[in-house]
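Hi everyone, thanks for coming. Let me put the model up on the screen, and then we'll walk through it together.

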Amino acid sequence: MIQVENLVKKYGPVKAVDDLSFAVAQGELFGLLGPNGAGKTTTLSILATLLAPTAGRVTVAGMDVTRDGAGVRRRIGMVPQEIALYEDLNARENLEFWGRLYGLGGDGLRSRVDEMLELADLQT
């Protein structure tokens, strides 16, 4: 289900992830453990298509995260460690941003955002 081969992520001269390889089969539970700064969040961000790898190959459900990011995002969900809201955006703008990230647009996006704002009693 997840295949990571020789994954590298660099930020300038710093390697956040250095030649990481692992596989997770469908239905298998997998834990990614390590100390602060080990590259866990960076690796998960690459799996979720939020960051591009510097080198290596990563596939999720048979789809390459760099070539078919939209397909990967349709198949996964990710809850970030920190609250994923942008303080400079209002509720509608935050929902629209994340909806576009997941491939929604036009009337479908507007309708879904309106529905969620009403559900949370945040409509304007």
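Let's start with Ile 2, which stands opposite Val 60 in S3. A word on the source: this is a predicted model, with local features needing pLDDT of at least 70 and side-chain atom pairs counted only at pLDDT 80 or more, while totals for chains, interfaces and linings use all residues. Residues are numbered from 1 along each chain as its sequence is written, and side-chain values use heavy atoms, leaving out hydrogens and water.

Helices (H or I, at least four residues) and strands (E, at least two) are DSSP runs, numbered from the N terminus. S1 and S3 run antiparallel and are joined by 5 bridges; strands count as paired if DSSP finds at least two bridges between them. Zooming out, 4 strands make an open, antiparallel sheet in the order S2-S1-S3-S4. S2 and S4 (63-64) are the edge strands, each pairing on one side only. H1 packs on this sheet and touches S1, S2 and S3, its direction making about 120° with that of S1. Angles run from 0 to 180 degrees between N-to-C directions, and axes are lines fitted to C-alpha atoms, for helices over the stretch in contact.

Now, which residues does Leu 7 touch, not counting those up to four places away in sequence? With contact meaning heavy atoms within 4.5 Å, its partners include Val 17, Leu 20, Thr 43, Ile 46, Pro 53 and Val 58.

Last stop, the helix pair. The axes of H3 (residues 91-101) and H4 (residues 106-119) come within 10 Å and cross at roughly 135°. That makes H3 oblique to H4, because angles under 35 degrees count as roughly parallel, over 145 as roughly antiparallel, 65 to 115 as roughly perpendicular and the rest as oblique. Among the contact residues are Leu 95 and Gly 99 of H3, and Leu 109 and Val 113 of H4.
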